[in-house]
Amino acid sequence: RVFVTVPVAEAMHRDVVTVGPEDSVADAARILLDNKYGCLPVVDEGGRLVGIVTEADFLRLTVRLLA
């Protein structure tokens with residue numbers, strides 16, 4: 001087996017779209033849908049990561065609201 005070591009920096013996106021914790025769920029969902037993203041970082045006013053919202057999070061919310 002040959003293992004190739006590639007730094008994460010080579011695979012990651014640097015121009016990342018984010019939302020704030022006070023942004024609406026609808027806005028975050030629209031960004032995910034319109035851009036075909038699987039997840040969306042949530043950052044505070046200082047730009048620090050405070051969470052990540054994912055497609056699964058929205059599906060879980062939808063199931064809860066439909067129950």
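Which residue forms a salt bridge with Asp 57? The partner is Arg 60, and the closest N and O atoms of the two side chains lie 3.0 Å apart. Here a salt bridge means a side-chain nitrogen of Lys or Arg within 4 Å of a carboxyl oxygen of Asp or Glu. The model is a predicted one, in which local features need pLDDT of at least 70 and side-chain atom pairs count only at pLDDT 80 or more, while totals for chains, interfaces and linings use all residues. Residues are numbered from 1 along each chain as its sequence is written, and side-chain values use heavy atoms, with hydrogens and water left out.

Arg 60 and Asp 57 both belong to helix H2, and because they are 3 residues apart there, about one helical turn separates them. Helices (H or I, at least four residues) and strands (E, at least two) are DSSP runs, numbered from the N terminus. With a relative accessibility of 52%, Arg 60 counts as exposed, whereas Asp 57, at 28%, counts as partly exposed.

Helix H2 itself runs over residues 55–66. Its 12 residues should span 16 Å at 1.5 Å a residue, and the end C-alpha atoms are 17 Å apart, which agrees. The expected span is 1.5 Å times one less than the number of residues in the helix. H2 is hardly covered, since the count of buried residues among its 12 residues is 1. Ala 56 is also found in this helix, and its relative accessibility of 40% makes it partly exposed. Ala 56 and Cys 39 are 17 residues apart in sequence, and their C-alpha atoms are 8.9 Å apart in space.

The structure holds 3 salt bridges. One of them joins the side chains of Arg 30 and Asp 34, with a distance of 3.9 Å from N to O. Both residues sit in helix H1, 4 residues apart, or about one turn of the helix. Arg 30 is partly exposed, having a relative accessible area of 47%, while Asp 34 reaches 53% and so counts as exposed. Another bridge links Arg 48 with Asp 44, whose closest N and O atoms are 3.0 Å apart.

Patches are made of residues with over 30% relative accessible area and no salt bridge; like charges are joined within 9 Å, and nonpolar side chains (Val, Leu, Ile, Met, Phe, Trp, Tyr) within 5 Å. Asp 27 comes from helix H1 (residues 25–35) and is partly exposed, at 47% relative accessibility. Glu 45 lies in the loop between strand E1 (39–43) and strand E2 (49–54); its relative accessible area of 78% makes it exposed. From Glu 45 to Arg 60 there are 15 residues in sequence and 27 Å in space, C-alpha to C-alpha.

A nonpolar surface patch is present as well, made by Val 2, Val 4 and Val 6 and covering about 340 Å². Accessible areas come from the Shrake-Rupley method with a 1.4 Å probe, and for residues only the protein chains shown count as cover. Val 2 is located in the segment before H1 and counts as exposed, at 77% relative accessibility. Arg 14 is found in the segment before H1 and is exposed, with a relative accessible area of 63%. Arg 14 and Val 25 are 11 residues apart in sequence, yet 24 Å apart in space, C-alpha to C-alpha.

Finally, the backbone deserves a look. Most residues other than glycine have a negative phi. Lys 36 is not a glycine, although its phi is positive, at about 55°. Lys 36 is placed in the loop between H1 and E1 and counts as exposed, with 76% relative accessibility.

How values were computed. Buried < 20%, exposed > 50% of the residue type's maximum accessible area, 1.4 Å probe, protein only.
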